[in-house]
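Let's take a walk through this protein together. Have a look at the fold as a whole before we zoom in on a few spots.

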Amino acid sequence: MDRRTFLQSVTAATALGTLTLETGMAKTQEKPSTEKDSMKKIIVAADPFAVGLKDAIVADLKAQGYDVTDVGATAEKEIPYYESAVVACQLLQADKDARGILLCGSGMGMSIVANKFKGISASVVESVFAAKMCRAINNANVLCLGAMIWGEWMAKEAVNVFLNTKFTEGLEGLSDFLHDAVKKVDAIEG
C-alpha cells in the first residue's frame with residue numbers, strides 16, 4: 001500500500017470510527033495489541049499539576065509488572081517540569097530500552113524539555129489513537145500527557161497503548177518509508 005492509499009483509508013476509517021491498525025484498512029472493530037514489548041523499564045516524571053494522575057498511572061504500571069522509576073514531583077515535594085524532565089531524560093539516555101511517561105499541566109512543557117535531549121523523541125498526545133500512532137509512525141520513546149486534559153481512565157489507556165505498540169505496527173506496508181523517515185529526522189540538527 002502506498003502512502004496516499006494508506007492516508008485515504010485512515011481518513012475514511014477514522015471518520016467512521018472503524019480503523020484497525022493491524023492492516024491499515026477499515027474494519028468493524030479495532031483489535032488491541034496483546035503482545036507486550038520485551039521492554040519493562042519505565043521512567044516517569046510529573047510536575048505538581050500532574051502528581052495525582054502520575055500516581056494513578058504508576059500504580060497501574062506496577063500492577064502490570066513494569067519496573068517504574070519515578071523522578072518527578074510528589075505530594076510532599078514540588079519539582080517543576082523543567083527539572084524533573086531533565087532527570088528523566090538523562091535516565092532514558094542511559095537506558096535505550098526504557099520508555100518515558102512525562103506529565104504536567106498540558107504535557108507541552110515536558111515535551112519541549114524532553115525533545116532537547118539526543119535520542120529522545122517525545123510526543124504530546126490528546127487521544128488514545130495519537131498515543132498509538134506516535135509509536136507506530138514516529139517511534140516515540142516518551143509519552144507526554146497533560147493532567148488538565150486527561151482523565152485517569154483514558155490516560156491509563158493511552159499509556160498502555162503507547163507501551164504495547166511497536167514501531168510500524170499495522171503499517172508494515174510503509175515500514176521502509178517510516179524507518180527511513182525516523183533516521184532522517186534523527187539526523188536533523190538545528
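## A walk through the fold

The protein's accessible surface comes to about 10,000 Å², and 55% of that belongs to carbon and sulfur atoms. Keep in mind as you look around that this is a predicted model. Of the 190 residues in the protein, 46% are buried.

You'll find 7 helices and 5 strands here. Follow the chain along its sequence and the pattern reads α-β-α-β-α-β-α-β-α-β-α-α. What about contacts across the sequence? Take the contacts between residues at least 6 apart in sequence: 67% of them join residues at least 24 apart.

Next, let's zoom in on a pair of helices. Two packed helices are described by the angle between their axes and the distance between the axes. Here the pair is helix α5, covering residues 128-136, and helix α6, covering residues 152-164. Their axes are 8 Å apart and meet at an angle of about 20°. Angles under 35 degrees count as roughly parallel, so α5 and α6 are roughly parallel to each other. As for handedness, α5 passes α6 in a right-handed crossing.

Which residues make this contact? On the α5 side, they are Val 128, Ala 131, Lys 132, Cys 134 and Arg 135. Helix α6 answers with Met 154, Glu 157, Ala 158, Val 161 and Phe 162.

Most residues other than glycine have a negative phi. Asn 139 is not a glycine, yet its phi is positive, at about 55°. To find Asn 139, go to the loop between α5 and β5, the strand at 142-146. Is Asn 139 buried, partly exposed or exposed? Its relative accessibility is 28%, so Asn 139 counts as partly exposed.

Further along, Thr 168 also has a positive phi, about 70°, although it is not a glycine. Look for Thr 168 in the loop between α6 and α7, the helix at 175-187. Buried means under 20% relative accessible area, and Thr 168 has 8% relative accessibility, so it counts as buried.

How values were computed:
Residues numbered from 1 in each chain as written. Predicted model: local features only at pLDDT ≥ 70, side-chain atom pairs only at ≥ 80, totals over all residues. Heavy atoms only, no water. Axes fitted to C-alpha atoms, helices over the stretch in contact; angles between N-to-C directions. Helix = DSSP H or I, 4+ residues; strand = E, 2+ residues; numbered from the N terminus. Parallel < 35°, antiparallel > 145°, perpendicular 65-115°, else oblique. Left-handed = near helix turned anticlockwise from the far one by under 90°. Contact = heavy atoms within 4.5 Å. Buried < 20%, exposed > 50% of the residue type's maximum accessible area, 1.4 Å probe, protein only. Areas by Shrake-Rupley, 256 points an atom, 1.4 Å probe, with all protein chains shown as cover.
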